[in-house]
Amino acid sequence: MCKLSLALSSMPIFAAVVWASLMLASASGNVAMISLSGSEFDDMIKNNDNILINFNFDLGACRDCHKLSTELKKSVKAIESQCPNMMFADVNCSSEIDLCRKFGIKRNYPDIRLFSSQTEIRFFETFVADTISAFVKRHCGEPVTALATIEEVNAFVRDNRVSAIIFSDNATEIDNLAVIALELRANTSFAAAPNALLKSKMPAKSPDAASAILLFVDYTDEPIEFVGSSVTLESIKFFIDSTSFPLIDAISDDNYAGYVRRGLPIVWAFLEYSDDRNKSVSILREAAKSSKGLLSWVWLDANDHSNHAVNLGLDGKQWPAILIDNAPSKTKYRYPFEGTFEAASISAWSHQALAGNEPLLIKSERIPENENKGLIKTVGKTYDRIVLDESKDVLLTVHAPWCGHCKVLMPRLKCLAEIFTMDPSIVIAEINGDFNDVPIDYEDYPSIFLFPASAPSRYSTYDGDRSFFSISNFLISNATTLSPARKAALTELAQNTSCDQPRSSTTTTKDKAGVEESKQEL
């Protein structure tokens with residue numbers, strides 16, 4: 001398979017790399033990486049409170065798996081000091097295919113999962129030693145770290161990007177926060193300190209204050225106080241989500257993973273370098289105030305990252321440009337500039353877009369003039385009409401022009417389309433995933449899906465080999481618009497058609513004659 005690019009210059013995801021190592025060195029000696037098989041996996045999870053598992057591939061074939069092993073080696077000493085009972089395990093996905101697929105890992109190697117008390121926790125951050133060890137330490141120890149001195153408080157804040165500290169002498173309050181921390185500690189480090197230390201962090205605070213929860217974040221030197229009327233999971237979660245990120249920030253490899261993990265729609269502002277850019281950022285900051293906790297606002301240099309703008313669906317030429325990318329719902333909206341750059345209008349537009357009241361932005365190639373014969377070229381703007389046609393079974397292949405496996409597959413799809421020319425209820429379609437929005441999830445190129453007639457929302461994913469016969473058998477077996485007799489005839493036709501041989505990108509006259517001859521015989 002051809003893996004999707006994850007570079008800042010070419011895709012909406014900047015940096016995503018992980019680690020692999022079979023033997024880890026630490027101050028206490030060598031830490032063995034246990035190799036797990038499918039038969040051993042469940043027992044290992046049940047019998048160990050904390051286990052960090054590396055789902056990887058053969059190290060010789062996976063460059064990312066190999067090159068970051070040193071980062072994990074660096075992290076082990078710090079992990080062991082806080083998590084002496086942490087287990088390290090390895091799953092080789094080249095031999096444990098079913099086990100890896102159970103966790104949605106098909107070809108996106110490597111991948112880290114932490115299992116804490118049998119709860120699976122994914123790791124989305126940048127994979128360097130400090131980040132790995134901080135992530136593990138948040139989950140293996142007590143949910144709330146006890147701090148006794150101001151020096152310990154300062155060190156805790158320094159070592160964590162986002163930290164929530166309760167200054168209180170009330171054990172019940174601390175216990176309540178511990179319950180909340182169990183749910184939120186994937187992204188935030190929690191601690192408790194004596195109330196007497198509160199004055200040191202907030203000099204203006206009344207010395208009679210019974211307690212306070214302060215959030216420390218890396219974009220400001222001043223702590224942010226929780227002012228909710230009650231301390232609940234929902235109120236603390238909203239407090240952290242809405243204040244642990246600045247109203248707007250310059251996006252980079254360092255902070256992108258945090259924005260993805262935050263899970264909010266992202267407002268992308270592409271700004272050219274000029275004397276007015278700081279003014280533009282100030283306007284956007286004002287616009288962002290009304291959607292605090294609802295949207296993540298980021299900006300980046302338009303000229304340096306024009307390719308990223310194109311990948312989001314912009315033309316990459318007109319600046320400034322603002323769009324909202326709601327990744328969970330796979331919807332995007334572009335701000336309609338009309339010669340003004342005002343906070344009020346941008347803010348109002350953002351709320352209308354959140355409500356779905358703005359026109360959708362769809363990245364799309366030009367609609368082809370002839371899309372009714374053979375292998376149907378689908379683009380972003382024709383996707384719904386072609387793929388979601390409830391009168392047809394649609395086999396859709398998502399591909400990319402740079403993908404070698406796709407180039408091998410395309411002639412077979414054309415051959416498959418020729419076989420079904422007598423079946424108008426069957427559509428063989430393709431779409432370029434680099435140049436068009438595809439509103440379904442896929443991990444690599446090529447990816448093949450079957451959308452059944454009458455219920456296209458219940459599509460299925462083809463997971464077999466890419467031979468002509470295997471794909472044709474998948475389509476014929478699962479098509480809902482073909483009679484049993486027609487399925488039998490098509491199966492025989494497919495068996496007698498040699499489409500797995502090397503073929504030119506254009507079907508020859510001899511090939512067409514052979515297909516037509518087979519049809520006539522049937």
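## Salt bridges: definition and count

A salt bridge here is a side-chain nitrogen of Lys or Arg within 4 Å of a carboxyl oxygen of Asp or Glu. By that criterion, the structure holds 14 salt bridges. Side chains of opposite charge can pair when their charged atoms come close.

This is a predicted model, in which local features need pLDDT of at least 70, side-chain atom pairs count only at pLDDT 80 or more, and totals for chains, interfaces and linings use all residues. Residues are numbered from 1 along each chain as its sequence is written, and side-chain values use heavy atoms, with hydrogens and water left out.

## Individual pairs

Asp 241 pairs with Lys 237, with the closest N and O atoms 2.9 Å apart. Both residues sit in helix α9 (residues 233–243), four residues apart, about one turn of the helix. Helices (H or I, at least four residues) and strands (E, at least two) are DSSP runs, numbered from the N terminus. Lys 237 is partly exposed, at a relative accessible area of 40%. The classes are buried (under 20% relative accessible area), exposed (over 50%) and partly exposed (in between), using a 1.4 Å probe and protein chains only.

Asp 437 bridges to Lys 332, again with a closest N and O separation of 2.9 Å. Asp 437 lies in the loop between β21 and β22 (444–445), and Lys 332 in strand β18 (residues 331–334), so this pair ties together parts 105 residues apart in sequence. Lys 332 is buried, at 8% relative accessibility.

Glu 365 forms a salt bridge with Lys 377; their closest N and O atoms are 3.2 Å apart. Glu 365 is in the loop between α13 (343–354) and β19 (376–378), and Lys 377 is in strand β19, so the parts tied together are 12 residues apart in sequence. Glu 365 is partly exposed at 22%. Lys 377 is partly exposed at 28%.

## A salt-bridge network

Four residues are linked in a network of salt bridges: Asp 111, Arg 113, Glu 120 and Arg 122.

## Nonpolar cores

A nonpolar core is a set of buried Ala, Val, Leu, Ile, Met, Phe, Trp, Tyr and Cys residues joined through side-chain atoms within 4.5 Å. The largest has 26 residues, of which Leu 395, Leu 416, Phe 420, Ile 428 and Leu 475 touch the most other members. At least two residues each come from α15 (404–419), β21 (426–432), β23 (447–451), α16 (468–478) and α17 (484–495). Helix α15 gives the most, with seven residues.

Leaving aside neighbours within four places in sequence, Leu 475 is in contact (heavy atoms within 4.5 Å) with Leu 395, Leu 416, Phe 420, Ile 426, Ile 428 and Leu 450. A second, separate core has 21 residues, including Leu 271, Trp 297, Tyr 335 and Ala 343.
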